[in-house]
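Dear colleague,

I am passing on the structure below, together with some notes on its aromatic pairs and its nonpolar surface. Please read the notes with the model open beside them.

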Amino acid sequence: MKLITRLCLYVILMSSGFQGWTQGFVENALLFSRTKPGGSARIQAMGGAQVALGGDFSSALSNPAGLGMYNRSEFTFSPALNTYKTEAEHLGTKSGDSKNVFNIPGLSYVHHLPQEKKGFLGGSFGVSMTRVNDFNTTFQYEGVDDISSIVDYFKERAAGYAINELPNPYEDTPLLSFDVPEGLAYLTFLINPYSEADPYPNPFTEDDYLDYTNYFSELDTLWNNGVEEIRTLNRAQKVNVKGAQYQWSLAYGGNFKDKLFFGASVGITTLRYEYSTSYNESDFSFSESPSYDPLNNLELNEDILIDGTGINLTLGLIYRLANFAQIGVSFVTPTYYELSD
């Protein structure tokens, strides 16, 4: 019996909600904390090694003492075009994908305030925006698979739970909920419960569901004429990720006798991470039952959006040992974020 002509499963989940399918909070914390060198082309070409340098708007991000080396006001605008290209292989079938993203890695205004008083030579205020992380990527894969289906995964996740129980790790989410993939699979008849002790109770009552903790699917392989069926299907998935982290720095750097430079900055960060994926299985076939056609197409779409803001503080010093040598040190507090997903 054909279950459904086209099955669309739309899922909007928190990033921790379906850890078997996407990444959880631990992975996201690593992703958001692994920032990249940002700022001007000069600093990026140096791999972000700028703590002891100055005279660049990027100092507002790394060591605000560097703003003390400015001797004039300056406005800076830096555009960029990033190209992302990926290749994937699934059971011998290769796929490729690419995307181009225009962005602004740096924007700043530094206002110089000269002064000469007992060795103090004034300083500069700076307002800068720096792109410190880039999440943009895309990839896709497809191929013929005779090993497994995502329906097998749904059955494994649901095994041992009655349909009205609360499976871990979803503490307050019943299996019947559309918020978990097993619930979607059950409510759309992809998986069905049964009891090994009494698979066909008569009459059937609601209490019988408590004993139904095993699950089967119309896609399960069977034995036909003493030979086990070989199930094949076409599997495809496309993943698109976009977003970035930016930091706005409000900084001041001072100059004492062109020897000692000091500064401080307040960083206001913004974060936006968008993850979307479309997973598809189709063209199901069974070696011993060519006419068996239980399902035409299965599609699972997932969208995750994480955004928020944070704040940090940076303090720094630079000391000029000689005209050709200087040393710098900076202290940066952790960035405290408030995020929603």
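A residue joins a patch here if it has over 30% relative accessible area and no salt bridge, and nonpolar side chains are joined within 5 Å. Please keep in mind that this is a predicted model.

On that basis, a nonpolar patch on the surface is formed by Val127, Trp248, Leu250, Val266, Ile268, Ile311, Leu313, Leu315, Phe331 and Tyr336, which together have about 910 Å² of accessible area. At least two residues of the patch come from each of the strands β10 (231–256), β11 and β12 (297–322), and β12 gives the most, with three residues. Phe331, also a member of the patch, lies in strand β13 (residues 325–332).

The aromatic rings are the other topic. With ring centres required to lie within 6.5 Å, the count comes to seven aromatic pairs. One of them is the pair of Phe32 and Tyr273, which is edge-to-face, at 5.8 Å centre to centre and with 70° between the planes. Because Phe32 lies in helix α1 (residues 25–33) and Tyr273 in strand β11 (residues 260–286), this pair ties together parts that are 241 residues apart in sequence. Phe32 is buried, with a relative accessible area of 10%, and Tyr273 likewise counts as buried, at 5% relative accessibility. Ring pairs also bring in Phe135, linking Phe32, Phe135 and Tyr273 into a cluster.

With best regards

How values were computed. Residues numbered from 1 in each chain as written. Predicted model: local features only at pLDDT ≥ 70, side-chain atom pairs only at ≥ 80, totals over all residues. Heavy atoms only, no water. Phe/Tyr/Trp six-rings, centres within 6.5 Å; stacked < 30°, edge-to-face > 60°. Helix = DSSP H or I, 4+ residues; strand = E, 2+ residues; numbered from the N terminus. Buried < 20%, exposed > 50% of the residue type's maximum accessible area, 1.4 Å probe, protein only. Patch = residues over 30% accessible without salt bridge, like charges linked within 9 Å, V, L, I, M, F, W, Y side chains within 5 Å. Areas by Shrake-Rupley, 256 points an atom, 1.4 Å probe, with all protein chains shown as cover. Salt bridge = Lys/Arg side-chain N within 4 Å of Asp/Glu carboxyl O.
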